[in-house]
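I will jot down what I looked up, one stop at a time.

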Amino acid sequence: LWVMASRWPRKLEIASKIPALHCCGKLTMTLLILGLALFLGVHSLRILAGDWREAQIARLGEMRWKGVYSLLSAIGLGLIIWGYGLARVDSPVLWSAPTWTRHVAATLTLPAFILLVAAYIPGSRIKAKIGHPMVAGVKLWALAHLLVNGNLADAVLFGAFLIWAIVSFVSSRRRDRIAGRTYPVLGGSRDAIVIGIGFGAWALFAFYGHAWLFGVAPFRVGG
């Protein structure tokens with residue numbers, strides 16, 4: 001998710017300069033909502049239509065299913081980027097976040113980075129305890145950005161991801177309990193690796209990367 005998001009600024013800049021759609025705020029917001037519905041809908045099939053999903057995998061084959069899944073996800077993501085880039089230009093402000101919320105949000109994203117790393121390095125106690133650290137990380141990421149971004153486009157984007165992540169996490173943990181699924185622990189060194197990489201990536205992004213990519217320094221005082 002962060003890899004995809006890191007490419008947003010350039011695309012958002014291009015999207016925001018398309019004058020043809022600036023005349024209609026409803027259309028730009030519709031693009032964002034359609035993208036969210038498609039992207040999050042595809043990622044919710046196991047929750048909403050598990051039997052249908054399994055039937056399609058059996059009918060198409062796993063590789064073809066993954067191809068369709070990836071294509072629909074890419075289209076949805078493209079619509080999100082395009083729609084958000086346009087909608088945020090003149091989106092109504094719902095609330096004004098104090099400057100100190102930047103620091104709170106940046107601190108919340110620290111465990112989000114650690115959880116992201118835990119999703120890809122098996123054997124940590126973090127993975128064993130949480131089960132689905134990627135989705136848990138998305139929850140923190142979305143919540144952090146809701147704190148500091150108070151316009152309508154931000155509320156729709158990050159609110160949708162937050163709601164999806166909460167529902168997805170609860171559903172995934174329920175499936176784990178029903179299946180009796182557990183995640184192995186391969187030693188404390190795995191936790192040290194996860195925390196070390198996560199903290200390092202967070203520090204680089206919080207102090208340097210975020211300002212370079214998005215033009216906002218989370219720890220800058222004032223401005």
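**Helix 6 against helix 10**

I looked up where these two helices touch: Ile 80, Tyr 84 and Ala 87 of helix 6 meet Ala 153, Asp 154, Leu 157 and Phe 158 of helix 10. Contact here means heavy atoms within 4.5 Å, and helices are DSSP runs (H or I, at least four residues) numbered from the N terminus. I sorted the touching residues by class and got six nonpolar, no polar and one charged. For the classes, Ala, Val, Leu, Ile, Met, Phe, Trp, Tyr, Cys and Pro count as nonpolar, Asp, Glu, Lys and Arg as charged, and the others, Gly among them, as polar.

A note on sources: this is a predicted model, where local features need pLDDT of at least 70, side-chain atom pairs count only at pLDDT 80 or more, and totals for chains, interfaces and linings use all residues. Residues are numbered from 1 along each chain as its sequence is written, and side-chain values use heavy atoms, with hydrogens and water left out.

Next I checked the geometry: the axes of helix 6 and helix 10 are 9 Å apart, at an angle of about 155 degrees. Axes are lines fitted to C-alpha atoms, for helices over the stretch in contact, and angles run from 0 to 180 degrees between N-to-C directions. Helix 6 is therefore roughly antiparallel to helix 10 (the word applies to angles over 145 degrees).

**A serine in helix 10**

Is Ser 168 buried or exposed? I found it buried, because its relative accessibility is 7%; buried means under 20% relative accessible area and exposed over 50%, with partly exposed in between (1.4 Å probe, protein chains only). Ser 168 sits in helix 10, residues 152-179. Setting aside neighbours within four places in sequence, I saw Ser 168 in contact with Ile 47 and Val 135.

**Helix 5, face by face**

I listed the buried residues of helix 5 (residues 50-60): Arg 53, Gln 56, Ile 57 and Leu 60. Viewed down the helix 5 axis, these fall within an arc of 100 degrees, so they line one face; the arc is that of the directions from the axis to the C-beta atoms. I noted a general rule beside this: an α-helix has 3.6 residues a turn, so residues three or four places apart point the same way. On the face turned away from the buried side I found the exposed residues Asp 51, Ala 58 and Arg 59. Helix 4 (45-48) and helix 6 (62-87) are among what covers the buried residues of helix 5. Just past helix 5, I noted that Gly 61 has a positive phi of about 95 degrees.

Terms used
Angles under 35 degrees count as roughly parallel, over 145 as roughly antiparallel, 65 to 115 as roughly perpendicular and the rest as oblique.
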